[in-house]
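Please keep the sequence and the model in view while reading.

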Amino acid sequence: MEYKYNLAKLQYDKEKLEELIARQSRRVGQAFPKKLETQFWTLNLDRARDNINQYVWIGVLTYFILTLLMIPGDYWIIEDAFFAHDFTHCLAGLANGAFCLLTLYVFAHYKQLNLYFPYAAMAVVFWSVISMTWLTITVYTPALKLQAMMIICMIYILGYILTGVKPAHMLMTGLTAAIVTLLMLFSLHVKFDAMVIGRVLIGSCVLGFAISKMLCARERMIFLSMKRADISEKIHRIHTAELLHLSQHDELTKISNRRTFDEMLDTCYEQAKRDESALSILFIDVDHFKNYNDF
């Protein structure tokens with residue numbers, strides 16, 4: 001019977017999920033079998049794109065408020081001797097941040113570009129780390145240089161949390177961006193504290209990776225629980241359908257029983273009354289049915 005096969009398969013899948021859940025409890029963040037792992041990260045990316053689409057206007061408002069707070073603050077702390085240079089860099093940094101966020105939104109919003117969203121996300125993080133570090137480190141006002149540390153850390157953490165990209169892939173992107181940034185600053189003979197900037201770049205990248213791994217471990221457990229609940233619901237539906245079938249059909253002859261006849265008669269009678277149409281009932285007597293029944 002097909003329902004028994006489906007039920008046995010679902011019970012087997014549920015047992016395997018129970019084993020995975022137990023394994024995840026013992027070793028947090030362990031990878032799933034290939035098929036489940038693909039489903040998990042596909043769901044993660046879909047959720048990241050949905051969040052970006054859903055909260056885009058909140059993001060725009062937040063960035064607008066941040067801009068209103070930063071511009072006057074930068075205006076007052078920039079030294080007069082470097083005002084034109086440093087203030088231009090501040091405005092360029094804000095415009096660059098808006099461009100990066102807009103790029104993420106475009107790849108999340110348009111279905112034709114959805115497939116390339118994770119690559120776009122890694123490219124945005126790579127570009128934003130390099131460009132924002134250069135824009136903030138090449139200013140002359142010391143207070144603005146300190147602000148660079150916070151901005152770099154925010155870029156890394158947001159890159160890990162918002163994009164849904166695998167932490168390992170984002171870690172490689174972040175470390176590559178850090179190395180390229182340091183090499184670029186050295187090659188352009190920019191004056192900076194290599195030890196401090198290196199610690200900020202690599203430290204922020206590792207911090208974002210650790211936070212992302214912890215969040216992913218939690219998401220893995222939620223994913224497995226959802227899969228288990230979905231299978232339990234399917235099993236329940238099969239049991240319910242089978243009980244309904246047994247209540248409406250004769251087990252020996254496999255034909256509808258008196259209960260089904262009563263239900264269908266009521267339904268057809270009400271339909272005939274509404275449609276003002278005729279309703280006929282045909283009685284069929286089967287000769288020698290007892291012999292068939294005994295056999």
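Twelve salt bridges are present in the structure, a salt bridge being a side-chain nitrogen of Lys or Arg within 4 Å of a carboxyl oxygen of Asp or Glu. The model is a predicted one, in which local features need pLDDT of at least 70, side-chain atom pairs count only at pLDDT 80 or more, and totals for chains, interfaces and linings use all residues. Residues are numbered from 1 along each chain as its sequence is written, and side-chain values use heavy atoms, with hydrogens and water left out.

Side chains of opposite charge can pair when their charged atoms come close. Helices here are DSSP runs of H or I with at least four residues, numbered from the N terminus. Glu19, at 38% relative accessibility, is partly exposed, and Lys16 is partly exposed at 37%. The accessibility classes are buried (under 20% relative accessible area), exposed (over 50%) and partly exposed (in between), with a 1.4 Å probe and protein chains only.

A second pair reaches across the sequence. Glu18 and Arg228 form a salt bridge at 3.2 Å, N to O. Because Glu18 lies in helix 1 and Arg228 in helix 8 (residues 194-248), this pair ties together parts that are 210 residues apart in sequence. Glu18 is partly exposed at 33% relative accessibility, and Arg228 is likewise partly exposed, with a relative accessible area of 27%.

In helix 10 (residues 289-294), Asp294 and Lys290 are four residues apart, about one turn of the helix. An α-helix has 3.6 residues a turn, so residues three or four places apart point the same way. The closest N and O atoms of the salt bridge between Asp294 and Lys290 are 2.8 Å apart. Asp294 is exposed, with a relative accessible area of 52%, and Lys290 is exposed at 59% relative accessibility. Elsewhere, salt bridges that share partners join Arg47, Arg218 and Glu219 into one network.

Which residues of helix 2 are buried? They are Leu36, Glu37, Phe40, Trp41, Asn44, Leu45, Ala48, Arg49 and Ile52.

Definitions and conventions: Helix = DSSP H or I, 4+ residues; strand = E, 2+ residues; numbered from the N terminus.
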